[in-house]
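My notes follow the order in which I clicked around.

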Amino acid sequence: MAAAGGSSKSTAQKAPTSPKSTTKFKPRRSKNQNKHLTKQLISLLTSATSAAHSFLNQNDLLLLPSQSLTLEYLLSSIPFSSPPISLPSESFFYRFLSSASDFDPRWCQIFRMSKQTFSNLLAVLSPSLLSFLPPSIPPDSAIAATLFRLSHGASYESVARRFGLDSPAAACLAFYSVCKTVNEKLGDLVNFGRDLERLVVGFEWISLPNCCGVLGFGKFGVDSEVLGKNGSLLVQALVDSEGRFLDISAGWPCTMKPESIFSQTKLYSRVEGSNELLNGSCYQLSESSSIPQYILGDSCFPLLPWLLTPFIRSNEVDSFGSADREFNAAHNRAMGLVGNAFGRVKARWQLLGRRWKEDCVEFFPYVIVMGCLLHNFLIKYSEPLPEESVGRILREEELPIFEGEADERGERNRYALAKYLSRVSMRR
């Protein structure tokens with residue numbers, strides 16, 4: 001027996017010698033070869049870029065705005081030196097005017113309105129714009145450039161190139177000049193105190209007697225350290241049965257409670273303070289009950305004699321009676337009018353659906369109001385509304401439910417209307 005560490009053969013086998021590798025190493029390219037290939041690649045990319053520029057120049061009147069803006073963005077983001085995007089010497093707008101017929105569908109695609117309505121808007125705004133704008137910016141170009149930016153969220157650089165303006169600064173001047181003029185000249189399109197009888201008749205068609213409007217909030221995103229990660233501006237709005245804005249109060253930070261916003265608005269002071277509005281005759285609901293003029297408001301508002309909010313369960317055990325359910329169902333349908341109005345504004349004016357930077361927040365409320373006024377202007381001239389609403393009203397999970405005391409007269413008015421709606425429902 002061999003001693004430990006003796007001369008017995010080891011079980012380990014010597015690894016076989018590997019055969020010589022047959023793989024041939026490719027020689028490295030020289031620096032000159034790499035430079036040559038880089039030049040070839042850049043040459044190809046330059047040719048492709050030039051072709052894209054040429055395509056854009058020749059077809060800008062045929063492309064949809066979203067298509068031309070996407071192509072412009074891609075060309076401007078090419079990571080190597082390339083010629084700046086240029087368009088034909090005559091502006092896109094004037095070439096469009098000379099080629100488009102009165103009923104060309106491109107009017108609505110580009111400016112969100114027909115040629116006739118554009119002409120009506122031009123007639124209203126032009127006299128004031130002449131005092132705001134330098135001679136180098138004609139009113140029609142300024143209005144067209146503003147509508148294009150508002151409709152498609154185009155940058156000032158893109159707007160300046162397309163509408164023959166000298167610089168992005170000129171495009172910015174045109175935009176805010178038109179914004180100021182719209183707010184001044186179209187402001188009378190938002191007038192809650194006018195033609196209340198028409199409002200009442202409109203809501204009677206949806207079984208809400210003596211109702212004069214629906215009150216809610218819209219939400220517009222901003223990037224702001226003060227307002228938080230998901231910061232926004234709130235816009236309180238009253239709308240009629242056709243989705244027309246009757247009252248707008250814009251620019252409130254999302255950190256404020258809705259009831260605090262509401263109590264500081266002109267609408268509140270005109271009804272609650274001066275008794276200027278909603279002081280018309282009562283509507284006889286039955287032999288024993290009647291209801292004064294009122295508006296409907298979401299659950300974030302206080303219940304008042306003239307502002308009827310939905311019934312809220314105090315706990316999960318409580319259940320609604322039939323009258324309460326009928327009222328809440330009718331109320332919910334009516335509140336959809338506010339959500340649809342804001343949704344259509346954002347669908348038509350895509351600039352308002354985007355988050356705004358903090359350094360522009362000061363001007364954002366005026367742009368929002370401009371969008372709402374133009375919305376009313378287009379309803380006035382029977383322009384078709386966007387088919388689908390991309391926005392929605394802020395519901396209870398997004399805005400806190402009002403937790404203060406309910407007004408006794410408000411409770412009586414709401415219950416009387418609830419009983420009326422229940423009887424109407426039973427007769428159907």
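**Whole chain**

I am working from a predicted model, so I keep that in mind throughout. I looked up the secondary structure and got 14 helices and seven strands. The chain has 428 residues, and 46% of them are buried. I also checked how far apart in sequence the contacting residues are. Among contacts with a separation of 6 or more, 67% are between residues 24 or more positions apart.

**Helix H13**

How many residues of H13 are buried? I get 15 of 17, so I wrote this helix down as mostly covered, taking buried as under 20% relative accessible area. H13 runs over residues 364-380. From first C-alpha to last it reaches 25 Å, close to the 24 Å expected at 1.5 Å a residue. After H13 comes Ser 382, and its phi is positive, near 55°.

**H6 against H8**

Two packed helices are described by the angle between their axes and the distance between the axes. I looked up both values for H6 (residues 139-152) and H8 (residues 168-185): the angle is about 90° and the axes are 9 Å apart. Angles of 65 to 115 degrees count as roughly perpendicular, so that is how I logged H6 and H8.

Which residues meet there? From H6 I listed Ala 142, Ile 143, Thr 146, Arg 149 and Leu 150, and from H8 I listed Ala 174, Phe 175 and Val 178. Sorted by type, the residues of this contact come out as six nonpolar, one polar and one charged.

I then went to the loop between H5 and H6, where Ser 136 sits. Ser 136 has a relative accessible area of 45%, so I noted it as partly exposed.

Ser 128 is in helix H5 (residues 115-132). Is Ser 128 buried or exposed? It counts as buried, at 14% relative accessibility. Leaving out residues up to four places away in sequence, Ser 128 touches Thr 181 and Lys 185.

**Asp 104**

Next I checked Asp 104, in the loop between helix H3 (92-99) and helix H4 (106-111). With a relative accessible area of 13%, Asp 104 is buried. I followed its side chain and found that it reaches the backbone nitrogen of Arg 106 at 2.8 Å.

**Arg 161**

Arg 161 belongs to helix H7 (residues 156-162). I have it as partly exposed, at a relative accessible area of 30%. What does its side chain pair with? It makes a polar contact of 3.0 Å with the side chain of Glu 72. I also looked up Ser 91: it is 70 residues from Arg 161 in sequence, and 7.7 Å C-alpha to C-alpha.

**Positive phi values**

Most residues other than glycine have a negative phi. With that in mind I went back over two more residues.

Asp 195 is not a glycine, yet its phi is positive, about 60°. I found Asp 195 in the loop between H8 and helix H9 (196-204). Its relative accessibility is 42%, which means partly exposed.

Ser 207 also goes on the list, with a positive phi near 60° in a residue other than glycine. Ser 207 lies in the loop between H9 and strand E1 (211-221). I noted a relative accessible area of 24% for Ser 207, so it is partly exposed.

**Pro 253**

My last stop was strand E3 (residues 245-253), which holds Pro 253. Pro 253 counts as partly exposed at 25% relative accessibility. Which residues does Pro 253 touch, not counting those up to four places away in sequence? I wrote down Leu 227, Ser 232, Leu 233, Leu 234 and Ile 261. I also took the C-alpha separation of Pro 253 and Val 235, which is 9.1 Å for 18 residues along the chain.

Key:
Residues numbered from 1 in each chain as written. Predicted model: local features only at pLDDT ≥ 70, side-chain atom pairs only at ≥ 80, totals over all residues. Heavy atoms only, no water. Helix = DSSP H or I, 4+ residues; strand = E, 2+ residues; numbered from the N terminus. Expected span 1.5 Å × (residues − 1). Buried < 20%, exposed > 50% of the residue type's maximum accessible area, 1.4 Å probe, protein only. Axes fitted to C-alpha atoms, helices over the stretch in contact; angles between N-to-C directions. Parallel < 35°, antiparallel > 145°, perpendicular 65-115°, else oblique. Contact = heavy atoms within 4.5 Å. Nonpolar A, V, L, I, M, F, W, Y, C, P; charged D, E, K, R; others polar. Polar contact = N/O pair within 3.5 Å; in protein donor to acceptor, adjacent residues only side chain to side chain.
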